[in-house]
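Here is a short briefing on one model.

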Amino acid sequence: MKFTFQNLFSNKQNKYLFSAFGILALYGLTNFVTQYRIQRKYDKLCQKRRDELKRSIQEFKQSYDLSTGLSAQLEKEILNYTIADIKKILFEKKATVKQVLLVFINRTLSVATSENLNLITDINFIEAIQQAEKQDQEIFSDPQIIYQYDLFGIPVSVKDTYIHKGFDNTYGLASRLYKPATYDGIQVSMIKKARGIIFVRSNLPQLAMTFESTNRIFGRSLNPWNKDRAVGGSSGGEAALQAARCSVIGIGSDIGGSIRIPAAFCGVYGFKPGMSRQTEIGEGVIEKAANGMVNIRPSKGPLGRSVDDLIVMLGVLFNSKNYSELPLSTQDPYWKPQDLNFTQISKKDKLKIGYIEQFNDLLPPNCMKRAVQEACQALINKGHEIVQINLDQELEHELAVAFPRLVAAEGGFKSFGENLKGEKIIEEYELMEAGTKIPLFLQTYILAPLLKILGQKTLYVMSKQTHGLDVYQYLVNSGKQKRMNLQFLQYLKQNQIDAVIVPGFGCPAVKHGASKELPLAALYTWMWNTADLPAGSMPITRVQGGNDLKIEGKEKTIDIVYILMNRNMQNAEGLPVNVQVISYPHQEEMVLRVMKEIEGVVKFNEKHPYPY
Ligand SMILES: *[C@@H]1O[C@H](CO)[C@@H](O)[C@H](O)[C@H]1NC(C)=O
Ligand SMILES: *[C@@H]1O[C@H](CO)[C@@H](O)[C@H](O)[C@H]1NC(C)=O
Ligand SMILES: *[C@@H]1O[C@H](CO)[C@@H](O)[C@H](O)[C@H]1NC(C)=O
Ligand SMILES: *[C@@H]1O[C@H](CO)[C@@H](O)[C@H](O)[C@H]1NC(C)=O
């Protein structure tokens, strides 16, 4: 049929036109109804899963006697214990594996369930108790066994994303419910090989891509230091379990700060190895494009309450001999584990440590800088040399923006959105999603100049980074990113710097819902993912009043980002403040050594009683 204007306005064509509109309207309506029905289906599914968790907790409480027979004093002490402390009391027969486990189960039941901080997604108490009973029998025949296995007798928690036989890895997505794993992934297998007792799994954000742990299945996790604050994310449940002393050690994962941000929000220790030091395999696979990112990949590592405990867990995860004994089907042919080995690192007595107090793309409040200074002072006390790092402006900026530029490049949050399978996105992502959907020309010629005119320098700089790109421009950016990473490392090498201290995050734990306004604060962590360096996060101090809350030069400003940051600093007193330690690729041991030396002087846990 030939198209002409006469045809369009002829009576017959009019009918077609009306029916076309009719069909469109019908399509819209069906779409709406389908969406509504999907959401209702998901809501029911989420409710069902929540109810089941509650019920299994109830049943456990009713059918199990949680009394340990230990003195109340010892029970309290056990909650503060490191892995080594626990092994010691097991060896001295002051407690059994089962008693220790019950102490942590009881703790988890009283503070980590949905009635309180809401940190957990699964319980594995029954199986854990059976394992503990078996281990007690083994100790009875040979107490030395406690020291033959690195995690013998130790209660361990893992983030929801880990592949663990019999459990869903949901990523906080309703569509992933009721699809339990049929085998143990690498990390869960390695923990089991070292005889760690996995007794609980921990909460995270929907899609695991923001720094508040909230989703439509399990709801929102609350910070043990202050319930009005986020636990961080994505390994937020895990960090809060450590801070609330519900678990001894756990594992999380980190693609832009997902181990280090929750560690900072909750005032615990977290460690992100470099990509080459660990494997990409072992967590549930998020679908299609999101799994296709090659410049940044999730890194797996521990969260705990001491550097020594992080070292034990990393020793387990990096153990080459044990890895070689895993079923071939679970192994990663691309990975060759390299054992943790401090021989080389401990040869050098005096270290040269660099520090960076702030990045100009987002200035932190004074407390973050004070923590860096205090960590440096601790290292000076230990006889090390401290130098300030002065990067040129372009390098500093490029390091800061490489991550959002990469993540936004696909345009419109598509790759993450497709994993929702029709589920409604959480509010925390809405701005991010909207931002990446603005067409390039609008962003360049209208939005950016407008932001500049309105004095929104911070948003102006960022808006230029976050939009969809073609493959060519993506590759150009990737090339630039490589050069900048190299330039940074060469700067460190030329100045013979062994490690660098930087703020733990752009600010202390944010208020609930604030992650959508302050994504930029994560530049302090995400740049070590794009640079692919080992990075650890550790608590140094807590927010005091007065000067600590101020952002220098931004007390009175029209810059909306700082207005929001200032608002977020209200009532922040008492929150923990972390720093990060970073070093060269393959120098995980150097990071751990520096963290341990700082810990020895700062003694955060002794000076600041655990919250809760
Ligand atoms: C479990 O913990 C609660 C709250 O901390 C405590 O009151 C209770 O005595 C504990 N129960 C047992 C059996 O230890
Ligand atoms: C390796 O596995 C052995 C048992 O097969 C265990 O004794 C040891 O603790 C494990 N080592 C580590 C570092 O996980
Ligand atoms: C640690 O590394 C040193 C060399 O730096 C090597 O001699 C030693 O055998 C290694 N130790 C282990 C346990 O692999
Ligand atoms: C354990 O930690 C809590 C909280 O930090 C503290 O109040 C308590 O004194 C510690 N208990 C022991 C026995 O060290």
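By class, how many nonpolar, polar and charged residues does the shell around ligand 1 have? The shell has 1 nonpolar residue, 4 polar residues and no charged ones. This is a predicted model.

**Ligand shells**
- Leu66, Ser67, Thr68, Asn106 and Ser110 surround ligand 1.
- Around ligand 4 sit Lys76, Glu77, Asn80, Pro609 and Tyr610.
- The ligand 4 shell counts 2 nonpolar, 1 polar and 2 charged residues.

**UniProt annotations**
- An unreviewed UniProt entry annotates residues 16–34 as "transmembrane region".
- That span is 100% helix and 0% strand. The end C-alpha atoms of residues 16–34 are 26 Å apart.
- The UniProt record, also unreviewed, lists "domain: Amidase" for residues 114–592.
- Residues 114–592 are 37% helix and 13% strand. Their end C-alpha atoms lie 34 Å apart.

**Helix α8**
- Helix α8 spans residues 186–193. Is α8 mostly covered or mostly uncovered? It is mostly covered, with 6 of its 8 residues buried.
- The buried residues of α8 are Ile186, Gln187, Val188, Ser189, Met190 and Ile191.
- These buried residues pack against strands and helices. The strands are β2 (155–159), β3 (197–202), β6 (249–254) and β8 (299–304). The helices are α11 (307–317) and α12 (320–324).
- Arg195 follows α8 and has a positive phi, near 70 degrees.

How values were computed. Residues are numbered from 1 along each chain as its sequence is written. Chains are lettered from A and ligands numbered from 1 in the order in which they are written. This is a predicted model: local features need pLDDT of at least 70, side-chain atom pairs count only at pLDDT 80 or more; totals for chains, interfaces and linings use all residues. A residue is near a molecule or strand if its C-beta atom, placed from the backbone, lies within 6 Å of it. Ala, Val, Leu, Ile, Met, Phe, Trp, Tyr, Cys and Pro count as nonpolar, Asp, Glu, Lys and Arg as charged, and the others, Gly among them, as polar. UniProt positions are given in the numbering used here, feature names are shortened, and annotations may be inferred rather than shown by experiment. Helices (H or I, at least four residues) and strands (E, at least two) are DSSP runs, numbered from the N terminus. A residue is buried if 20 or more other C-beta atoms lie within 10 Å of its own, exposed if 12 or fewer, and partly exposed in between; C-beta atoms are placed from the backbone. Two residues are in contact if their C-beta atoms, placed from the backbone, lie within 7 Å.
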